[in-house]
Amino acid sequence: MEAGRAPEKTPDGHSVVVRGRRWRATDPSVPEETAARLRRHLMAARRAVRAATAAGDARAERSARGRVHRAKVALGERGTPWWEQSGSDRRQRWEQGPARLDADAPR
């Protein structure tokens, strides 16, 4: 995938293909502002995983990996597949995700 270019999607839109590997696509119903906020949380949590791993801090690493997981669930990339959820379940998932991540974010 080239920088600035969207990844290839499978015909059903459920997955993206990056370097020949399939990954679950973000739920397309997530409003862009919310998706951007969730991606910021995701990237901050990934940086925290890297820092905790480098420091050998297992507790901080577990906490950061939990935040990564919660962000990906809120985006629809983990958990029950978004295409199998009702519209209200999908909405609830991405509406509650940012608040939970804000509460979990390190201060």
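In the predicted model, the contact between helices α1 and α3 brings together Thr34, Arg37, Leu38 and His41 of α1 with Trp94, Gly97, Pro98, Leu101 and Asp102 of α3. By class, the residues of this contact comprise four nonpolar, three polar and two charged. The axes of α1 and α3 lie 10 Å apart and form an angle of about 35°. The crossing of α1 with α3 is left-handed.

These helices belong to a protein chain that contains three helices and three strands. Along the sequence, the elements follow the order β-β-β-α-α-α. Taken along the principal axes, a box of roughly 40 × 35 × 20 Å is filled by the C-alpha atoms of the chain.

Helix α1 also packs against α2, at an angle of about 160° and with the two axes 8 Å apart. Angles over 145 degrees count as roughly antiparallel, and α1 and α2 are therefore roughly antiparallel to each other. Here too the crossing, that of α1 past α2, is left-handed. On the α1 side, the contact is formed by Ala35, Leu38, Arg39, Leu42, Ala44, Ala45, Arg46, Ala48, Val49, Ala52 and Thr53. These residues meet Ala60, Glu61, Ala64, Arg65, Arg67, Val68, Ala71, Lys72, Ala74 and Leu75 on the α2 side. Classified by residue type, the contact of α1 with α2 has 14 nonpolar, one polar and six charged residues. Leu38 of α1 takes part in the contact with α2 and also in the contact with α3.

The remaining helix pair consists of α2, which spans residues 58-75, and α3, which spans residues 87-104. The angle between α2 and α3 is about 160°, and their axes are 8 Å apart. By the criterion for angles over 145 degrees, α2 and α3 are therefore roughly antiparallel to each other. Their crossing is left-handed. From α2, the residues in contact are Arg67, Arg70, Ala71, Val73, Ala74 and Leu75, and from α3 they are Arg93, Trp94, Gly97, Leu101 and Asp104. Six nonpolar, one polar and four charged residues make up this contact. Within α2, Arg67, Ala71, Ala74 and Leu75 contribute to the contact with α3 and are also found in the contact with α1. Within α3, Trp94, Gly97 and Leu101 contribute to the contact with α2 and likewise to the contact with α1.

Attention then turns to the pockets of the model. The largest pocket has a volume of about 680 Å³. Its lining consists of 25 residues, and those nearest the centre of the pocket are Pro7, Val16, Arg24, Thr26 and Glu77. At least two lining residues are supplied by each of the strands β2 (15-18) and β3 (21-24) and by each of the helices α1 (32-55) and α2. Helix α1 provides the largest share of the lining, with six residues. In terms of residue class, the lining of the largest pocket divides into 14 nonpolar, one polar and ten charged residues.

Key. Residues numbered from 1 in each chain as written. Predicted model: local features only at pLDDT ≥ 70, side-chain atom pairs only at ≥ 80, totals over all residues. Heavy atoms only, no water. Axes fitted to C-alpha atoms, helices over the stretch in contact; angles between N-to-C directions. Helix = DSSP H or I, 4+ residues; strand = E, 2+ residues; numbered from the N terminus. Parallel < 35°, antiparallel > 145°, perpendicular 65-115°, else oblique. Left-handed = near helix turned anticlockwise from the far one by under 90°. Contact = heavy atoms within 4.5 Å. Nonpolar A, V, L, I, M, F, W, Y, C, P; charged D, E, K, R; others polar. 1 Å grid on protein atoms, 1.4 Å probe; cavity = no way out; pocket = protein on both sides within 12 Å on 5 of 7 lines; lining within 4 Å. Points joined across faces, edges and corners; volume = space filled by probe spheres on them.
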